[in-house]
Amino acid sequence: MAYKIVASQCTVCGACEFECPNAAISLKRDMYVIDPKKCTECEGSFDTPQCAVVCPVENTCVPA
């Protein structure tokens, strides 16, 4: 499974993009999106998905 960014809650701060160890997060049409093919939920790198950890808006990076 991968994570997704809830567009209506995203503030486009960019914190998640730089924390993703798989480069799965990118800016598309002025909104951050997570590529489900690249997202591993940070398994093998961190105990919890880093997008969810660093996001300043709770419940914006969530399981897809």
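Residues 24 or more positions apart account for 59% of the contacts in the chain with a separation of 6 or more, a contact being heavy atoms within 4.5 Å. This is a predicted model, in which local features need pLDDT of at least 70 and side-chain atom pairs count only at pLDDT 80 or more, while totals for chains, interfaces and linings use all residues. Residues are numbered from 1 along each chain as its sequence is written, and side-chain values use heavy atoms, with hydrogens and water left out.

**Overall build**

- The chain has two helices and four strands, which follow one another from the N terminus as β-α-β-β-α-β.
- The radius of gyration is 10 Å, close to the 11 Å of the globule rule for 64 residues, so the chain is as compact as a globular protein of that length.
- That radius is taken over C-alpha atoms, and the globule rule is 2.2 Å times the number of residues to the power 0.38.
- Helices (H or I, at least four residues) and strands (E, at least two) are DSSP runs, numbered from the N terminus.
- The C-alpha trace spans about 30 × 20 × 20 Å along its principal axes.
- Of the 64 residues, 31% count as buried; buried means under 20% relative accessible area, exposed over 50%, and partly exposed in between (1.4 Å probe, protein chains only).
- The accessible surface comes to about 4,200 Å², and carbon and sulfur atoms hold 50% of that surface; the areas come from the Shrake-Rupley method with a 1.4 Å probe, and for residues only the protein chains shown count as cover.

- Strand β2 (residues 25-28) runs antiparallel to β3 and is joined to β3 by four bridges; two strands pair if DSSP finds at least two bridges between them.
- L27 stands opposite Y32 in β3.
- Two residues separate the strands of this hairpin, and R29 in the turn has a positive phi of about 50°.
- In a regular strand the side chains alternate between the two faces of the sheet.
- In β3, Y32 and I34 make up the covered face, and M31 and V33 the uncovered one.

**Nonpolar core**

- The largest nonpolar core has 14 residues, of which I5, I25, I34 and C51 touch the most other members.
- The elements that give two or more residues to this core are β1 (3-5) and β3.
- Such a core is a set of buried Ala, Val, Leu, Ile, Met, Phe, Trp, Tyr and Cys residues joined through side-chain atoms within 4.5 Å.
- Leaving aside residues up to four places away in sequence, C51 touches Y3, C16, I25, I34 and C61.

**Cysteines**

- A search of the whole structure finds zero disulfides, a disulfide being a pair of cysteine sulfur atoms within 2.5 Å.
- For C16, the nearest cysteine sulfur is that of C61, 5.1 Å away; C16 counts as buried at 8% relative accessibility.
- The sulfur of C42 lies 5.9 Å from the closest cysteine sulfur, in C20, which is too far for a bond.
- C42 counts as buried, at 6% relative accessibility.

**Loop residues**

- Most residues other than glycine have a negative phi.
- C42, in the loop between β3 and α2, has a positive phi of about 65° although it is not a glycine.
- N59, in the loop between α2 and β4 (61-63), has a positive phi of about 60° and is not a glycine either; N59 counts as exposed at 53% relative accessibility.
- K37 is found in the loop between β3 (31-34) and α2 (50-54) and counts as exposed at 79% relative accessibility.
- The C-alpha atoms of K37 and A24 are separated by 7.9 Å, with the two residues 13 apart along the chain.
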